[in-house]
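Please read these points with the structure open beside you.

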Amino acid sequence: MSPNRVLIVEPNSDGHRLYYVELLARRALSARFEVTIAMSNEGETLPQEAQLWDSLDRDRVEVLAAHSTSLKEVRRLANESNADLVVVPDGDRYVLARAKRMRSRHPLRVNALIMREKVHPSRYRAVTWLKQNIRDRAIRRTDSMPNMHVFVLRSPGSEPRSGLRTAIDPISNTATDESIAVARSDLTGAEYWFAVIGAISRRKNVELVLQGALRNLDQARAGVLIAGRIDGEYFDDVMRAVAKARRQGLPVIVDNRRHSDIELDSRIAAVDCVVLAHSNEGPSGILGKAGAMGTAVLAAGASSLRDDARRLGVGRWVPLNAEAIAGAMALSLESPRPERVLAEETNSFTDPLLEWW
């Protein structure tokens, strides 16, 4: 059964979130649903927002201002849009908040996506286990409620550890030959380029990546691209590490700004190897894109990165330290560019979340 009116709630425009909104809205419009998008209206025009409206027929989409994904705010937005189905693609906070209101009556039909199935690991296994157990129970409690379906974002080919419904992390490529050529034209001063791409927060471990690049490498051959908006609180640390690397002869390019999807995809296609060095668990959209574009992947840290890299055959994984990263970089320098091992696919993400029961 299909809804007539769909509300997509996403007040956060950072990173990949509006990409998910775009995919959901396009799929819903193609199915002739009436679509309302509730998003931030803080006034800053982002590349992701421009691309969102370039790809959608604005006349067919109602837009509301969303301030959060709180229960009260989602209920307000649903009433204002007269929605049959509410989709919350960044639904972790919403799902956990619903778990605390077990007895409340909630007539809305809601599909919410859990993007982070696993908790951030603690140095103490018992603490990690306890936090994960509490989170799992809360998610299952919400999923058991009437008019509520919880989905878990998973990488292609993987199975959810919690047994919940799944939405497969979408893989798409908006880059063109021309846009890739433009991205490659920026890469001067080295023959082989590693890249840290996307929203640049402390979780990207830029300092470790640069330390790895400085160890046991022919610096005349290798360079590092840092492409994405750097968090304000992290900016000074990144630039200090960049200055140190440059003084030692390593070519480093920093493009500190938000990238549109086509710019992001073109960067991934233009470089030789993307580096994903973090301990946060969960699917990586950049890993999937690299696998579909034939770009090498160097993954370090999270067990989900290890599992995905090995299962999908998109690159190599090492522990999260400079020495291990340096060794993997040395191997990457001597390896041919990989074949494309993943196909572009988005319906396994959109269709489950737009299902109406």
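1. Valine 275 stands opposite leucine 298 of strand E12. The two strands concerned, E11 (residues 273-278) and E12 (residues 296-301), run parallel and are joined by six bridges. Helices (H or I, at least four residues) and strands (E, at least two) are DSSP runs, numbered from the N terminus. Two strands count as paired if DSSP finds at least two bridges between them. Strands of a sheet pair through backbone hydrogen bonds, either parallel or antiparallel.

2. A word on the source: this is a predicted model, in which local features need pLDDT of at least 70 and side-chain atom pairs count only at pLDDT 80 or more, while totals for chains, interfaces and linings use all residues. Residues are numbered from 1 along each chain as its sequence is written, and side-chain values use heavy atoms, with hydrogens and water left out.

3. E11 and E12 belong to an open sheet of six strands, with parallel pairing and the order E10-E9-E8-E11-E12-E13. Its edge strands are E10 (252-255) and E13 (315-318), each of which pairs on one side only. From one strand to the next the twist averages 20°. Axes are lines fitted to C-alpha atoms, for helices over the stretch in contact, and angles run from 0 to 180 degrees between N-to-C directions.

4. Which helices pack on this sheet? Helix H8 (residues 232-247) does so, touching strand E9 (222-227) and E10, and its direction makes about 155° with that of E10. Contact here means heavy atoms within 4.5 Å. Helix H10 (residues 285-293) lies across strand E8 (192-197), E11 and E12, and runs at about 160° to E11.

5. H8 also packs with H7, at an angle of about 5° and with the axes 9 Å apart. That makes H7 roughly parallel to H8; angles under 35 degrees count as roughly parallel, over 145 as roughly antiparallel, 65 to 115 as roughly perpendicular and the rest as oblique. On the H7 side the residues are Val206, Glu207, Leu210 and Leu214, and they meet Tyr234, Asp237, Val238, Ala241, Val242 and Ala245 in H8. By class, this contact has eight nonpolar, no polar and two charged residues. In this count Ala, Val, Leu, Ile, Met, Phe, Trp, Tyr, Cys and Pro are nonpolar, Asp, Glu, Lys and Arg are charged, and the others, Gly among them, are polar.

6. H7 (residues 206-214) has a contact with helix H12 (residues 322-333) as well: the axes come within 8 Å and cross at roughly 55°. H7 and H12 are therefore oblique to each other. Leu208, Val209, Gln211, Gly212 and Ala213 of H7 meet Ala322, Ile325, Ala326 and Met329 of H12. Seven of the residues in the contact of H7 with H12 are nonpolar, two are polar and none is charged.

7. How do H6 and H9 cross? The axes of H6 (residues 177-185) and H9 (residues 261-270) come within 8 Å and cross at roughly 65°. That makes H6 roughly perpendicular to H9. H6 contributes Ser179, Ile180, Ala183 and Arg184 to the contact, and H9 contributes Ile262, Ser266, Arg267, Ala269 and Ala270. These residues divide into five nonpolar, two polar and two charged.

8. There is also an open sheet of seven strands, in the order E3-E2-E1-E4-E5-E6-E7 and with parallel pairing. Strand E3 (61-65) and strand E7 (165-168) stand at the edges with a single partner strand each, so one side of each is left without a neighbour in the sheet. The twist averages 25° from one strand to the next. Four bridges join E6 (residues 148-154) to E7, and leucine 153 stands opposite alanine 167 in E7.

9. Helix H4 (residues 92-99) lies across E4, E5 (110-114) and E6, running at about 115° to E5.

10. The protein is divided into domain 1 (5-171 + 345-354) and domain 2 (177-334), with bounds that come from an automatic or database domain assignment. Their C-alpha centres lie 28 Å apart. The contact between them takes 21 residues from domain 1 and 19 residues from domain 2.
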